[in-house]
Amino acid sequence: MQITDSSSLHLPKENLEARDFLPLLGTDYIELYVGNAKQAAHYYMSAWGFQPLAYAGLETGLKDRTSYVVQQDKIRLVLTSPLKPGGEINRHIEAHGDGVKVIALWVDNADKSYRETTARGADIYFAPKTLKDDHGKVVLSGIHTYGETVHVFVERKDYRGIFMPGYKAWKPFYAPPKTGLRYVDHIVGNVGWHEMDKWCQFYAEVMGFAQLVSFDDKDISTEYTALMSKVMSNGNGRIKFPINEPADGRKKSQIEEYIEFYNGAGVQHMAMATDNIIETVTNLRNRGVEFLTVPSSYYENVLDRVGEIDEDLAPLSKLGILIDRDDEGYLLQIFTKPILDRPTMFIEIIQRKGAKSFGKGNFKALFEAIEREQEARGTL
Ligand SMILES: [Fe+2]
């Protein structure tokens, strides 16, 4: 694929068009509803280097669910499973398989965040509530977004405990080393046919985000499949939510495959940032994480496209790490295969060296790699 319009990839440091009625300090946590939280926690620790942080379950007085919280630098995952038949979590897992339920956003004022967003039309998930223990208080409120995904606003300025009231510290003897993952760079949602603009409008009007960049089916298509994407960002640029929808192609796109297996809209991938992608990916591969690979021909002329980079090409090529450049610098990125049995969610590892964009120059090579996987699954 050619970069036809690199100027469209120029992104301001701060997104000045975004309105700041909803100041967001960052991603607080990402909660997944999973079939077996104990084993999921083990996976994220063993394969990904997350560290055990907190636990809630029968031992803390919960009767119907268990949650494990794992953390790596600023990335916090909450893994939740039901303990009994019936109920909302079981229904969610039956419909979607394991998947992201909550994208929690760290705010100064959860009550105000709730009022500002619901006044602008957000559907209520739950009204503000205060949780207290000996370490202080946390205020939470929640709104719905695409599919069955929700945003929970987390106000923790008066809390000094390990995670939040209701959880105890979790200190298993087993805690494998970290892999260098530092923070959530962006979280991507897949939505249905012709729903991208609706959800971008939601982030603009209800949450005060602005659009950073858009890609149409001419940017993101191969011989067989296509999709469209717009990237929405909040005012300080810490929260970036690309939204994808399928586009017409000769065969079934990865977005359609996702929607079919997830049974609706939902989180397609989380991108986690590292300061040293070669070390991080080497480590992850040694721990069994499977990445998409591109043909070695990708590396034959990649430097003609992206210019000089600090890294040696050999380890990038060996690991299958992709490279792209925009007006402000370059980036290195790689994508896992789906991390679940259903071909739904995957994880991106990204190292930014100035670039603020999302790897447009890699889309074609990447989607051809995904098509090879779809072919093997019989879902192309
Ligand atoms: Fe991404």
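Student: In which strand is the place of histidine 186?

Tutor: Histidine 186 sits in strand β10, residues 181–190; strands are DSSP runs of E of at least two residues, and helices are runs of H or I of at least four, both numbered from the N terminus. Residue numbers start from 1 along each chain as its sequence is written. The model is predicted, so local features need pLDDT of at least 70 and side-chain atom pairs count only at pLDDT 80 or more, while totals for chains, interfaces and linings use all residues.

Student: Why does histidine 186 count as buried?

Tutor: It has 21 C-beta neighbours inside 10 Å. Buried requires 20 or more other C-beta atoms within 10 Å, exposed 12 or fewer, and partly exposed is in between, with C-beta atoms placed from the backbone. Histidine 186 is therefore buried.

Student: With what is histidine 186 in contact, leaving aside its neighbours within four places in sequence?

Tutor: With Lys240, Phe241, Pro242 and Ala271; a contact here is two C-beta atoms, placed from the backbone, within 7 Å.

Student: Is histidine 269 buried or exposed?

Tutor: Histidine 269, in strand β14 (residues 266–274), has 23 C-beta neighbours inside 10 Å, and therefore counts as buried. Beyond four places in sequence, its contacts are Val188, Met345, Phe346, Ile347 and Glu348.

Student: Which residues does UniProt place under "binding site"?

Tutor: The unreviewed entry gives His186, His269 and Glu348. These residues are spread over 163 residues of sequence but cluster in space, with a largest C-alpha distance of 9.3 Å. Such annotations may be inferred rather than shown by experiment; positions follow the numbering used here and feature names are shortened.

Student: What is the strand order of the open sheet of eight strands?

Tutor: The order is β11-β12-β13-β10-β14-β17-β16-β15, with mixed pairing. Two strands pair if DSSP finds at least two bridges between them. β11 (210–215) and β15 (322–326) are the edge strands, as each pairs on one side only.

Student: What joins β16 to β17?

Tutor: Five bridges join β16 (residues 329–335) to β17 (residues 346–353). Leucine 331 stands opposite arginine 352 in β17.

Student: Which strands stand at the edges of the nine-stranded sheet?

Tutor: That open sheet, also of mixed pairing, runs β6-β7-β8-β5-β1-β4-β3-β2-β9. β6 (124–133) and β9 (168–169) are its edges; each has a single partner strand, so one side of each lacks a neighbour in the sheet.

Student: How many bridges pair β1 with β4?

Tutor: Strand β1 (residues 26–33) and strand β4 (residues 75–82) are paired over four bridges, in the parallel sense. Valine 78 in β4 is the bridge partner of glutamate 31.

Student: Into which domains is the protein divided?

Tutor: Domain 1 covers 26–169 and domain 2 covers 180–377, with bounds from an automatic or database assignment. The contact between them takes 28 residues from domain 1 and 30 residues from domain 2. On the side of domain 1 that touches domain 2, β1, α2 (87–96) and β5 (99–107) each supply at least two residues. β5 gives the largest share, four residues. The C-alpha centres of the two domains lie 25 Å apart.
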